[in-house]
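The following report concerns a single protein chain. Please consult the sequence and the structure alongside the text.

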Amino acid sequence: MESTFTLPCVVCGAELEPAFNNPMANAEPNQPHGGTTFFTNGHYGSTVFDQMDRTELQINLCDPCLLKAAEAGRVLHFAPPRPSPPRAAVLWAPDGSGALG
Ligand SMILES: [Zn+2]
């Protein structure tokens with residue numbers, strides 16, 4: 001695979017140019033300009049890809065297809081994960097009199 005290789009859009013087949021033209025500056029070989037890239041390692045329920053061996057598939061989606069899908073209500077947008085709050089800690093009291101709660 002060439003260092004500037006980009007996959008076409010998985011929906012419409014549009015060719016996507018690499019986001020970086022300098023292969024030395026491009027750590028990700030499939031970084032499309034005008035599109036996004038998605039990885040999956042499979043899902044329970046898929047009848048075609050659920051390898052459970054940590055291998056992944058990658059697809060590209062052009063921006064126009066992403067916008068059409070969003071307008072049709074087929075895209076979820078997630079908030080960033082919240083950091084875990086610090087855990088409360090008290091000295092352990094074997095008789096259960098500790099105030100942890
Ligand atoms: Zn497309």
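## Report on the predicted model

Val-75 touches Ala-69 and Ala-70, residues up to four places away in sequence being left out of account. The model is predicted, and Val-75 lies in the segment that follows α1, the helix of residues 63–71. Val-75 has 12 other C-beta atoms within 10 Å and is therefore exposed, since the exposed class extends to 12 or fewer such neighbours.

The protein chain holds 1 helix and 2 strands, arranged from the N terminus in the order β-β-α. Of its 101 residues, 8% are buried. Where contacts between residues at least 6 apart in sequence are considered, 40% join residues at least 24 apart.

The loop between β1 and β2 (57–62) contains Met-52, and Arg-54 is found in the loop between β1 and β2 as well.

Confidence in the protein chain has a mean pLDDT of 88, with 89% of residues reaching 70 or more. Among the elements, strand β1 (residues 35–40) has the lowest confidence, at a mean of 95, whereas α1 has the highest, at 98. Where pLDDT is low, the predicted coordinates should not be read in detail.

Methods
Residues are numbered from 1 along each chain as its sequence is written. This is a predicted model: local features need pLDDT of at least 70, side-chain atom pairs count only at pLDDT 80 or more; totals for chains, interfaces and linings use all residues. Helices (H or I, at least four residues) and strands (E, at least two) are DSSP runs, numbered from the N terminus. A residue is buried if 20 or more other C-beta atoms lie within 10 Å of its own, exposed if 12 or fewer, and partly exposed in between; C-beta atoms are placed from the backbone. Two residues are in contact if their C-beta atoms, placed from the backbone, lie within 7 Å. pLDDT is the predictor's confidence in each residue, from 0 to 100.
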